[in-house]
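This briefing covers a predicted model. The points below are grouped by topic.

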Amino acid sequence: MSIKQVILKHGKEEALKRRHPWIFSGAIFKAEGNPGNGEIVHVLTGKNEPLGTGFYSRGSIAIRLFEFDVVDANAKYWSAKIGKAIEFRKSIGIIGNENTNVFRLFNAEGDGVPGLIIDYYNGVAVIQCHTHGTYALRDMFTEALKDNLGKDLKAVYDKSAESLGEEGAENGYLYQAKGFNPEEIQTVKENGLEFAVDWVSGQKTGFL
Amino acid sequence: MNTFCYTGGFSVYALQAGAELVHSVDSSVRAVELADHNVELNMKDANHESFSDDVFSFFKNYPEKYDVIVLDPPAFAKHMNARHSAIIAYKRLNAEAFKRVNKGGVVFTFSCSGVVTRELFEGAVTAAAIEAGRNVRVLTRLGQPACHPVSIFHSEGEYLKGLVLYVE
């Protein structure tokens, strides 16, 4: 399947030089092949210069870029993207801290993927997708988390139904490691204090 | 007093830091149970009372004054069209807190509404201080922790605004 191309109007590439990841619908000259809501597209200038890769949407924010280059967003790409967010948190002492095992593992634009939030609760990753584009890739993100976290991942729970506001989207586990018991109350540690967390019926992703 | 206490995070931290008595308020029965449970997880015999009540009616019906009040409500505005009413709600909530904090007390106030900018939020809190007739000084401005990084190129990513205020 070839990636559809979106061509921007002349001069509209200037905004992307400021590294803001959103492209508004008024900046688009042509969207080839009528991309669907959430579909990954390549963004180019009228002279065919590569600008970025992002999620197409039918709203006023027409494209949310996750890369300021034309890339093949395959499983390896997403695994590296999640891996980079984990490495960042290791480097600043959030991961590997014996007093805290609860943190935001992936923070949307702040980690380079608009619409994707992942919170980590002592081994359980809770994914919250805010866009169709990220929601369509939730199984891919689950695999990427498994690749990067190994035995430090006990389960992945999808909590996108409310944030997506889409009929038919249902919350539920995308992965459960052997021995994980979803009925058990899960307790996390923050600055040495303990907190019971409920991502199934709690607000937001459960705590953060 | 910890309003909109949810899992009771601020209550646990306050008790750990030596608060003599903490009141936790949340309209959700489930949240109050979770807050109680989390206090018990960390300390025995903590002086903690929880109330499953609407925060505004709690303020109305329970006239006690406090040394520290935490206001960390859920997002009042999730979309632009709710922004105006959200700002009015922030003003009302903060004015209630300013009326109920002891002289020399501290108010921790937050907004996690992405569409309400820091400037707008601080404007609402300022209006609340005027209405309450209290002298208020900013001790610290708070934002998102490091695990919620914001790209400097995408300021919309900064959704959490907080103020630590000294009230006379």
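Chain B is divided into two parts, domain 1 (1-63) and domain 2 (65-168). Taken over C-alpha atoms, the centres of domain 1 and domain 2 of chain B are separated by 20 Å. In chain A, 6 strands form an open sheet with mixed pairing.

**Domain interface in chain B**

- Contact between the domains involves 12 residues of domain 1 of chain B and 17 residues of domain 2 of chain B.
- About 1,300 Å² is buried between domain 1 and domain 2 of chain B, and carbon and sulfur atoms give 65% of this area.
- On the domain 1 side, B:M1, B:F56 and B:F59 lose the most area to domain 2 of chain B, together 51% of what that side buries.
- Between the two domains of chain B there are 0 salt bridges, while 6 residue pairs are in polar contact across the interface, both residues at pLDDT 80 or more.
- β1 (2-3) and α3 (55-61) of chain B each supply at least two residues of the domain 1 side that touches domain 2; α3(B) gives the most to that side, with 4 residues.

**Sheet in chain A**

- The strand order in chain A is β2-β6-β5-β4-β1-β3.
- β2 (22-24) and β3 (28-31) of chain A each have a single partner strand and stand at the edges, so one side of each is left without a neighbour in the sheet.
- From one strand to the next, the twist averages 35 degrees.
- Strands β1 (residues 4-8) and β4 (residues 40-44) of chain A run parallel and are joined by 4 bridges, with A:K4 opposite A:V41 in β4(A).

**Helix on the sheet**

- Helix α2 (residues 75-91) of chain A lies across β4, β5 (50-56) and β6 (61-67) of chain A, and runs at about 80 degrees to β6(A).

Note on methods:
Residues are numbered from 1 along each chain as its sequence is written. Chains are lettered from A and ligands numbered from 1 in the order in which they are written. This is a predicted model: local features need pLDDT of at least 70, side-chain atom pairs count only at pLDDT 80 or more; totals for chains, interfaces and linings use all residues. Side-chain values use heavy atoms; hydrogens and water are left out. Two strands pair if DSSP finds at least two bridges between them. Axes are lines fitted to C-alpha atoms, for helices over the stretch in contact, and angles run from 0 to 180 degrees between N-to-C directions. Contact means heavy atoms within 4.5 Å. Domain bounds come from an automatic or database domain assignment. Buried area is the accessible area (1.4 Å probe) that two parts lose on being put together, summed over both. A salt bridge is a side-chain nitrogen of Lys or Arg within 4 Å of a carboxyl oxygen of Asp or Glu. A polar contact is a pair of N or O atoms within 3.5 Å; within protein, one must be able to donate a hydrogen and the other to accept it, and residues adjacent in sequence count only if both atoms are side-chain atoms.
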